[in-house]
Amino acid sequence: MTQSQPQAPVLQVSGHCPTCDQDVEFIANNAWFRDHFLCSRCGSIPRERALMAVIDAFFPQWRQAVIHESSPGNRGASVRLRQECTRYIPSQYFPNVETGDSVDGIRCENLEALSFADDSIDLHVTQDVLEHLFSPSQAFCEIARTLKPGGMHICTVPIVNKDRPSVVRARVDKGEVVHVLPAEYHGNPVGDGRSLVTVDWGYDIGRHIFDACGLYTQMVKMDDLSQGIRAEYIEVLVTVKPVETASFQPIP
Ligand SMILES: [Zn+2]
């Protein structure tokens, strides 16, 4: 009997992991890097490392900030934020639970009806959540309302439609889910383990956010193997609530 040889990785590089902040190996045993290009130490995937790198660059004061993360994961940026930010507030969405209430010590927040006060959050974080909302415009309004002036919403969301317009896959009508396009699901750490995709977003997502809440969004696309950041659909969005709009002067 011959012992099978272990398969060589599709990609293996040394680098510094933004989420565990260590020198590590990044190893992919599958060509779909988005889910399989892992940090050898913390197990993070590329979009989580891209998100953390963007938070470090755009919001370096995050350790002292009031951070709300909707539906955090158990690895990557969520773990880093929880460990190093003393005012980190994780929440999950549980249907049929009042927003702001707790279930087994876990705070329930509905992004479309947040319980936070106006101007109370420095940084909202969401990772692959916006493609599962039935009223994303309402969520953009709630995020804008609760951000402090100068605050940011930094998120990942798969921009699967790229330069094609965003389209609704599923909506709710009189309490019933209506599938406009064939039902598609992503994994979900809570509930029945799956989450319906409601919107296929395109690069026009920034316009949808602006039309909903008046805030501008920058999109950051990274490709940096030294940080283990290479994959499809790992754009990071940075939406900023201005400190003061009254003093804004147009540049001729
Ligand atoms: Zn790591």
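Helices, of at least four residues, and strands, of at least two, are DSSP runs numbered from the N terminus. In this predicted model, the protein chain has 5 helices and 17 strands. Its radius of gyration is 19 Å, close to the 18 Å that the globule rule gives for 252 residues, so the chain is as compact as a globular protein of that length. The C-alpha trace spans about 70 × 45 × 45 Å along its principal axes.

Buried residues make up 37% of the 252. Of the contacts between residues at least 6 apart in sequence, 61% join residues at least 24 apart.

**Helix α4**

Helix α4 covers residues 136–146. Its buried residues are P136, A139, F140, E142, I143 and T146. Seen down the axis of α4, they fall within an arc of 165 degrees, so they line one face of the helix. An α-helix has 3.6 residues a turn, so residues three or four places apart point the same way. The cover over the buried residues of α4 includes these elements:

| Element | Residues |
|---|---|
| β8 | residues 121–127 |
| β9 | residues 147–156 |
| β15 | residues 199–200 |
| α5 | residues 205–213 |

**Helices α2 and α3**

Two packed helices are described by the angle between their axes and the distance between the axes. Helix α2 spans residues 46–58 and helix α3 residues 76–84. Their axes come within 7 Å and cross at roughly 40 degrees. That angle makes α2 oblique to α3. On the α2 side, E48, L51, M52 and I55 make the contact. On the α3 side, G76, A77 and R80 do. The residues of this contact divide into 4 nonpolar, 1 polar and 2 charged.

Notes
Residues numbered from 1 in each chain as written. Predicted model: local features only at pLDDT ≥ 70, side-chain atom pairs only at ≥ 80, totals over all residues. Rg over C-alpha atoms; globule rule 2.2 N^0.38 Å. Buried ≥ 20, exposed ≤ 12 C-beta atoms within 10 Å, placed from the backbone. Contact = placed C-beta atoms within 7 Å. Arc of directions from axis to C-beta. Axes fitted to C-alpha atoms, helices over the stretch in contact; angles between N-to-C directions. Parallel < 35°, antiparallel > 145°, perpendicular 65-115°, else oblique. Nonpolar A, V, L, I, M, F, W, Y, C, P; charged D, E, K, R; others polar.
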